[in-house]
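Open the model in your viewer and keep the selection tool ready. The tour goes from cavities to a sheet and then to a helix.

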Amino acid sequence: MPADEQDHRSGVYVAGQPRGDGAPAPPGYLPRLVDQQVERCLRTSRAVLIEGPRACGKTWTGRRFARSEVLLDSSDATRLAVQTDPGALLAGEPPRLIDEWQLVPDIWNPLRRACDDRNANGQFILTGSAVPADDIMRHTGAGRVRRVQMRPMTSWETGESDGSVSLGALLAGRSPQATGQPLEIPRVVGAACRGGWPWMVDASAADAQEQLVDYIGEVSRTDLPHEGLRRRDPLAVRRLLASLGRNEATAATYRTLATDVSGGRSGDVSPKAVKRYLDALIRLFVIEPLPAWLPHTRSTTQLRSTPKRYFCDPSLAVASLAITADRLRSDIEFFGLVFESLVMRDLRGYAQSNRATVSYYHDNAGLEADAIVEGRDRSWVAFEVKLGGAALIEHASNCLRRLRDKVDTKRMGAPSALVVVTAGQFGFDLGDGVSVVPFTSLGP
């Protein structure tokens, strides 16, 4: 992790003062990994746009730095007033928070002009729970508005990981020394069911899932119409979300999903409709695709290029199927996919803090690696994710070694680390460059 972005959980921001005036965070605020990125963007650009799924904490993070605000989802009257006079929305002490800006997209051009007229950094903080279907207007924000993606909290942010194995250190080639506290399987199940939602950090798995099933329902009934899908079938969307849950961490085709949504019948929901719904779910940040890694290899092996799909948080995969924590624990195959989703959420957050990217590897010979984290300097770390068990860990470690041998290291460089992430209690060295690390030890 970069030196200017450490110790965020202590509330001490090494990179600069919060809100520009040293004001305290909002009461109950849980410091986030993106806080330092937001602060840096405000120092270096006119405005910052914080994007992410609904209820992941964007508004509170915006308030962490704002001196004035307008909340566009607070009332219809507020949105009507803004539509009548968009420029009035921008009046207020900077940085000015404009929450859920996409509800009144007409503000974009006045905001862009205000950025130019004021000619000063740190003027606006926008938050958005959706990417407008028509993205053309946003290209004019280049050079003025910097984007920061926000996700539900990682295990390090919730305190379930001690961060003793830093992703930044792994990218730098330092050997992992895991000191994570043991976390029994029921607590791992609870972490997956509760997810990284800041409003549910202390909730039980059952209470969290009750609310998240409603969250999934709201996505189906309410959120998609705002994405231009006036002609949509809420029941079909709900079935699609369940199908995505069953196909979590896969690259299932539109046709496969359409057949699943239609209950095996052809024609009820077309692949074209599935694609339209999926595009909207991606714009809502509910689903986040994971791109394929396409390295230079020593062989002529063909590489998969289709993105895999994950819910933005493992708890939504569970909620999409409305299953209990006990049932999740008893379904070891699905639990493995949910655990992979949890680790992928964490790796994406830690990678973003290190200005790194995350992808996956899969070739036509059947060789896979669940995650490849690649730094700006082209350093890379390969990860396999397994719940645990000697046989599964051994299989995962062999896959990582085969991947290292297959990649053209003269062109790609040797991996900085090969890591098997588990839900187990202990970390250890398997030899030949492979380490086992509990997810409770991973951090930025």
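Two cavities of 30 Å³ or more sit in this structure. A cavity here is a set of points, on a 1 Å grid over the protein atoms alone, where a 1.4 Å probe fits but cannot get out. Lining residues have an atom within 4 Å of a point. Grid points are joined across faces, edges and corners, and a volume is the space filled by probe spheres set on the points.

The model is predicted: local features need pLDDT of at least 70, side-chain atom pairs count only at pLDDT 80 or more, and totals for chains, interfaces and linings use all residues. Residues are numbered from 1 along each chain as its sequence is written, and side-chain values use heavy atoms, with hydrogens and water left out.

**Stop 1: the largest cavity.** Select Leu33, Val34, Arg151, Glu157 and Gly349. Of the 14 lining residues, these lie nearest the centre of the largest cavity. Its volume is about 120 Å³. Now select helix 14 (residues 332-353), which supplies the largest share of this lining, four residues. Helices (H or I, at least four residues) and strands (E, at least two) are DSSP runs, numbered from the N terminus. Colour the lining by class: four nonpolar, six polar and four charged. Ala, Val, Leu, Ile, Met, Phe, Trp, Tyr, Cys and Pro count as nonpolar, Asp, Glu, Lys and Arg as charged, and the others, Gly among them, as polar.

**Stop 2: the second largest cavity.** This one has a volume of about 40 Å³. Select Arg151 again; it lines this cavity too, along with Glu288, Tyr310, Phe311, Cys312, Ser341, Met344, Arg345 and Arg348. Strand 8 (308-311) and helix 14 each give two or more residues to the lining. Helix 14 gives the most, four. By class, expect four nonpolar, one polar and four charged residues.

Stop 3: Show the open sheet of five strands, order 2-3-4-1-5, with parallel pairing. Strand 2 (68-71) and strand 5 (145-149) are the edges, each pairing on one side only. Two strands pair if DSSP finds at least two bridges between them. Strand 1 (residues 47-51) runs parallel to strand 5 over five bridges. Zoom in on Leu49: Arg147 in strand 5 stands opposite.

**Stop 4: helix 15.** Select residues 390-406, a helix of 17 residues. Which of its residues are buried (under 20% relative accessible area, 1.4 Å probe, protein chains only)? They are Ile393, Ala396, Ser397, Cys399, Leu400, Arg401, Leu403, Arg404 and Lys406.

How values were computed
The expected span of a helix is 1.5 Å times one less than its number of residues. Buried means under 20% relative accessible area, exposed over 50%, partly exposed in between (1.4 Å probe, protein chains only). On a 1 Å grid over the protein atoms alone, a cavity is a set of points where a 1.4 Å probe fits but cannot get out, and a pocket is an open set with protein on both sides within 12 Å along at least five of seven lines; lining residues have an atom within 4 Å of a point.
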